[in-house]
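My notes follow in the order in which I checked them.

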Amino acid sequence: MEREKFSTRLGFILISAGCAIGLGNVWRFPYITGRYGGGAFVLIYLFFLFFLGMPVVIAEFAVGRASQKSVARSFDVLEPEGSRWHLFKWFAMAGNYLLMMYYTTISGWVLLYFFKTARGDFAGLSSRGVAAAFGATTASPVISVVFMAIMVILSFGICAGGLQNGVENIVKVIMICLLALMVVLAVNSLLLPGTKEGLTFYLKPNFNNLTRHGLSKTIFAAMGQSLFTLGVGIGSMAIFGSYIDKQKRLAGEALNIAVLDTVVALLAGVIIFPACFSYDIAPTSGPSLLFITLPNVFNHMPHGRLWGALFFLFMTFAAVSTIVAVFQNIVANFRDMTGWSLKKTCALHAVLLMLLSLPCTLGFNVLSFVHPLGAGSTILDLEDFIQSNNVVSLGSIVYVVFVTSRYGWGYDGFLEEVNTGTGLRFPRAGRIYMTAVLPLLIFSIFLWGYLG
């Protein structure tokens, strides 16, 4: 089976960035930035993004491009004879399914809220009314399942069109629209009366906040976000490395994606905080930010129905770009292992992912009595904890150790692949850092998830 390729470098960059850019850029990054010291936290985050997150992206790209396979076969191709690195495929593939088991549910709510906001369903509601509307949404198994299914079918439909005609062509348009909508929303927020207060809270270095929550906690929050935001550890970047040629060095490509992801994350805060401070509504984190806080903000805003609809349209684009990217990885994994046709694989997985997503979707209604992490927790919380605190960090360690260890692919092979082409060169002197320091840093994030 001949391997497809991206038709343009722009397509590769936008789709890889689309995998990294998602709901977490909006509900997680702005809030923890404001909480942990504003501009001071941003500097710490950027340091770890480029010295912790980006090397893992480079490692995934290198494994994918050198093997020309998904994670289902890439380690088989590159590992030394007789080794067992290929067993990692089962861990990575499980991580892709697990991520989509709850991401599709949240994305379905986002799509529903686009329609609700455009229709004016939240107009005139009090804060309690907006919260009650979200509760009614999650309490309805029919509504939650239907919109989850729409997102699954829509995204696999895009994948079924093929890499170039489906994924590349459509996601490029989605990403360009997403970036354009963000600029429009950011400009609108900057014209609101609370702009100065919002941006001060968000971006001015606040060393009191930095120390109040504890420097170690702040550092680990930045480290965790740097991995979380790039979507590494499960081969979702490696698959796109397998679709590109060798004209460009991989460090430069990883840098482009990290920069684009950071710009989107920063713009999300520019959209959110001036609006919250303009109408004296406290910013929060998690689903409550998207589905309770922001609809309340738009209720107070002139032409809020329009701005709210545009915001949830932007969020829908962000969700779809991530889902399509991960689904493409799932499809490639399955096809590399079985040789099935594209459309047959997509049809099977559309049904499979809807079934796998049901526990999370029903965890707010039919299965609301299940509290896996203690009172008040949901199935979504459990799935997110396993993915964010375990799969991402442990998977990243495997990629880094594999490309640097003489018992794996080895640093010489990795360096040759990374530096093939033109552009930013990855330094040979980075071997000590990649081999001895980086795996320990990532492992510390894993431990902090349990001990912090």
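**Salt bridges.** I looked up Arg9 and found that it forms a salt bridge with Glu253, the closest N and O atoms being 2.8 Å apart. I counted a salt bridge when a side-chain nitrogen of Lys or Arg is within 4 Å of a carboxyl oxygen of Asp or Glu. The pair links distant parts of the chain, with Arg9 in helix α1 and Glu253 in helix α14, 244 residues apart. Helices here are DSSP runs (H or I, at least four residues), numbered from the N terminus. Arg9 is partly exposed at a relative accessible area of 40%, whereas Glu253 is buried at 4%. My cut-offs: buried is under 20% relative accessible area, exposed is over 50%, and partly exposed is in between (1.4 Å probe, protein chains only).

Two housekeeping notes. The model is predicted, so local features need pLDDT of at least 70 and side-chain atom pairs count only at pLDDT 80 or more, while totals for chains, interfaces and linings use all residues. Residues are numbered from 1 along each chain as its sequence is written, and side-chain values use heavy atoms, with hydrogens and water left out.

How many salt bridges does a search of the whole structure find? It finds eight. Asp121 takes part in one with Lys116, where the closest N and O atoms are 3.8 Å apart, and in another with Arg119, at 2.5 Å. Lys116 counts as buried at 18% relative accessibility, Asp121 as partly exposed at 28%, and Arg119 as exposed at 55%. I also noted that salt bridges with shared partners join Arg65, Lys246 and Glu417 into one network.

**Helix α19.** Which residues of helix α19 (residues 411–418) are buried? I get Tyr411, Phe414, Leu415, Glu417 and Val418. Seen down the axis of α19, these buried residues fall within an arc of 165°, so they line one face of the helix. The arc is taken from the directions from the helix axis to the C-beta atoms. They pack against α4 (39–67), α14 (250–278), α18 (379–404) and α20. Contact throughout these notes means heavy atoms within 4.5 Å.

**The core.** Phe414 came up again here. In the largest nonpolar core, which has 155 residues, Phe311 and Phe414 touch the most other members. The largest share of this core, 18 residues, comes from helix α16 (residues 304–338). Such a core is a set of buried Ala, Val, Leu, Ile, Met, Phe, Trp, Tyr and Cys residues joined through side-chain atoms within 4.5 Å. Not counting residues up to four places away in sequence, Phe414 touches Ile58, Ala59, Ala62, Val403, Trp409, Phe426 and Met434.

**A nonpolar patch.** On the surface I found a nonpolar patch made of Phe443, Leu447, Tyr450 and Leu451, with about 420 Å² of accessible area together. Nonpolar patch members (Val, Leu, Ile, Met, Phe, Trp, Tyr) have over 30% relative accessible area and no salt bridge, and their side chains are joined within 5 Å. The areas come from the Shrake-Rupley method with a 1.4 Å probe. Leu447 sits in helix α20 (residues 430–451) and is partly exposed at 36%.

Where is Arg3 found? It is in the segment before α1 (9–20). The C-alpha atoms of Arg3 and Tyr243 are separated by 7.4 Å, although these residues are 240 apart along the chain. Beyond four places in sequence, Arg3 touches residues including Ser70, Ile239, Tyr243 and Asp336. I then checked Ser70, in the loop between α4 and α5 (74–78). Ser70 is buried, with a relative accessible area of 0%.

**Trp85.** Trp85 lies in the loop between α5 and α6 (88–119) and is buried at 19%. Trp85 and Phe75 are ten residues apart in sequence and 6.1 Å apart in space, C-alpha to C-alpha.

**Positive phi.** Asp280 has phi near 55°, a positive value in a residue other than glycine. Asp280 is in the loop between α14 and α15 (287–300) and is exposed at 73%. His303 also has phi near 55°. His303 belongs to the loop between α15 and α16 and counts as exposed at 64%.

Definitions and conventions:
Patch = residues over 30% accessible without salt bridge, like charges linked within 9 Å, V, L, I, M, F, W, Y side chains within 5 Å. Helix = DSSP H or I, 4+ residues; strand = E, 2+ residues; numbered from the N terminus.
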